[in-house]
Amino acid sequence: STDAANPSTFFIVLPVGTLSEGFEVEVIDKDSHGNWTVGTTKDNTIIRSRICQMPACTVKIGVQLTSNGIYWATCNLGATSPTRYGDYYAFGETEPYYTSLTWNSDGTSATAVGWKTGKENGYWWPSYPSNENNHDGPDSGDPNFTEPFTFVDGNNLKTDNDAAYKHYNVLGCELNEGRWRIPTAYEFSNMVSNTDHEYTSNYKGTGIAGWIYKGRGTYTGRSIFLPLAGYFDGKDFGSGEGDYTTATRYSSKIAYRVHYYIDKKWNTWEDDRLHRYYGETIRPIKCN
């Protein structure tokens with residue numbers, strides 16, 4: 001079963017065979033908190049011993065807020081509910097640099113418990129994949145510099161370097177059409193510009209601060225919540241702000257992000273740029 005307020009990962013067991021276009025599976029919460037439907041607009045072949053894992057928080061198939069066909073996941077990559085922060089990724093990396101995290105009592109500040117091999121410096125240039133292992137980071141003006149990632153449309157990460165694509169398209173056998181991925185800078189900015197949004201310091205009584213984005217017109221009544229999930233700089237965790245990475249690079253050192261500020265006087269967001277090595281959260285999207 002799954003809790004409507006805090007959905008968890010679940011599995012669907014299906015018989016071997018081909019399911020025709022329009023096939024749907026309805027998942028019903030045994031405690032009557034709600035039900036969700038996953039489906040497809042194209043044929044699907046079920047192969048024996050193949051497991052399709054529906055990731056936590058994607059059980060609603062995402063939320064469409066605008067007319068551009070983009071669906072937003074209901075929580076961050078690695079999170080188990082909309083108010084959880086999830087994991088932190090450097091630009092283009094598909095795994096966190098830490099081995100695990102511990103959280104303070106209210107779940108708003110994290111400490112890394114151990115660092116993976118080669119990532120002992122935390123989220124900092126010496127841990128980042130480039131052929132220049134120095135504190136100044138890579139310099140695209142250096143003739144010896146090699147870009148460690150591949151891109152489409154010039155500056156947007158390919159799926160090989162997309163953490164959302166890797167973790168949310170488990171075994172490539174998702175039942176719903178479309179693939180989860182990191183939004184580009186344009187897609188994130190477009191969503192912000194075409195929705196109504198408001199800051200809250202206490203989302204649904206949870207004590208978690210963040211921004212609520214609400215659809216307009218046809219999409220009225222639909223919304224997502226983006227918590228101020230903080231970020232990693234080196235081994236230090238920065239709380240009280242929010243950094244959401246995009247799939248778009250600005251240069252060899254810099255990538256676009258969406259940054260949320262909060263202090264005693266004002267709350268706002270901005271389409272921003274930051275060094276690639278920072279550990280930032282991801283809000284996946286998919287296009288049907």
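The following legends describe an overall view and close-up views of a predicted model.

Local features are described where pLDDT is at least 70 and side-chain atom pairs only at pLDDT 80 or more, whereas totals for chains, interfaces and linings use all residues. Residues are numbered from 1 along each chain as its sequence is written, and side-chain values use heavy atoms, with hydrogens and water left out.

**Figure 1. Overall view of the predicted protein, with two helices and 21 strands.** Helices (H or I, at least four residues) and strands (E, at least two) are DSSP runs numbered from the N terminus. The protein has 288 residues, of which 50% count as buried; buried means under 20% relative accessible area, exposed over 50%, and partly exposed in between (1.4 Å probe, protein chains only). Among contacts with a separation of 6 or more, 55% are accounted for by residues 24 or more positions apart, a contact being heavy atoms within 4.5 Å. The accessible surface comes to about 13800 Å², and carbon and sulfur atoms contribute 45% of this surface. Accessible areas come from the Shrake-Rupley method with a 1.4 Å probe; for residues, only the protein chains shown count as cover.

**Figure 2. The open three-stranded sheet β7-β8-β21.** The strands are paired in antiparallel fashion in this order, and the edge strands β7 (63–64) and β21 (285–287) each pair on one side only. Two strands count as paired if DSSP finds at least two bridges between them. Strand β7 is joined to the antiparallel strand β8 (residues 70–72) by two bridges. Within this pairing, Q64 stands opposite Y71 in β8. Strands of a sheet pair through backbone hydrogen bonds, either parallel or antiparallel.

Figure 3. R283 belongs to the loop between β20 (267–275) and β21. The R283 side chain reaches the backbone oxygen of A73 at 3.2 Å and makes a polar contact of 3.0 Å with the side chain of N76. A polar contact is a pair of N or O atoms within 3.5 Å; within protein, one must be able to donate a hydrogen and the other to accept it, and residues adjacent in sequence count only if both atoms are side-chain atoms. Leaving aside neighbours within four places in sequence, the residues in contact with R283 include W72, P183, F225 and Y244.

Figure 4. K235 lies in the loop between β16 (231–233) and β17 (236–238). K235 counts as partly exposed because its relative accessibility is 49%. A polar atom of the K235 side chain lies 3.1 Å from the backbone oxygen of E120. K235 and N121 are 114 residues apart along the chain, with their C-alpha atoms separated by 7.0 Å.

**Figure 5. Two non-glycine residues with positive phi, D153 and K204.** D153, in the loop between β11 (151–152) and β12 (156–157), has a phi of about 55 degrees. K204, in the loop between β13 (196–200) and β14 (210–214), has a phi near 50 degrees. D153 counts as exposed because its relative accessibility is 73%; K204 counts as exposed at 71%.
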